[in-house]
Amino acid sequence: MTPHSTTLDEWECRRRLAGLAVGRVVYTVDALPAVQPARYSLGADGSVLLSAGSDLVRAVSGAIVAFEAGELDATEGDGWSVTVLGRADVMPDRAASGPTDTVTVRILPELVSGRLFAATRPDRL
């Protein structure tokens, strides 16, 4: 199999992101890269909204982070991946009626990019 990729435009990236609920937030801890899965949704302004615990909040608040989500078929090699780069900010939780273990982190997109991967198979005899 030979994989081929095509660049996705920003509209298509956002459309695909809207169809999933779990992605990966990429950030740094003591100048080293870290990756953590996170549940997310998209805000009306296109921002990525993460439900985050206190450890992640401390690590990303005010920092430039990356967020990635996608679907890849390990057998066929096809799928897609979208990456969002932007500043992460903690949002006040207006709906909370008491202390909670999680808060919402908003990543305001500064750069959105994506790729569509298509696998081609050699003809079989």
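A nonpolar core is a set of buried Ala, Val, Leu, Ile, Met, Phe, Trp, Tyr and Cys residues joined through side-chain atoms within 4.5 Å. Keep that in mind as you look at this predicted model.

Begin with the largest nonpolar core, which has 25 residues. Val25, Tyr40, Leu50, Phe67 and Ile107 touch the most other members. Two helices, helix 1 (10-18) and helix 2 (54-60), each supply at least two residues. Strand 6 gives the largest share, four residues.

Now pick out Phe67. Leaving aside residues up to four places away in sequence, Phe67 touches Val25, Tyr40, Leu50 and Ile107, among others. Its contacts also include Leu17, Val48, Val82 and Val84. Gly23, Arg24 and Thr83 are on the list as well.

Next, move to the loop between strand 2 (22-29) and strand 3 (32-42), where Asp30 lies. Ala31 lies in this loop too. Asp30 is not a glycine, yet its phi is positive, about 50°. Ala31 also has a positive phi, near 70°, and is not a glycine either. Are these residues buried or exposed? Asp30 is exposed because its relative accessible area, 73%, is over the 50% cut-off. Ala31 is exposed as well, at 71%.

Last, check the confidence. The mean pLDDT of the protein is 86, and 85% of its residues reach 70 or more. Confidence is lowest in strand 1 (residues 2-8), with a mean of 78. Confidence is highest in strand 5 (residues 64-72), at 96.

How values were computed: Residues numbered from 1 in each chain as written. Predicted model: local features only at pLDDT ≥ 70, side-chain atom pairs only at ≥ 80, totals over all residues. Heavy atoms only, no water. pLDDT = per-residue confidence, 0-100. Buried < 20%, exposed > 50% of the residue type's maximum accessible area, 1.4 Å probe, protein only. Contact = heavy atoms within 4.5 Å.
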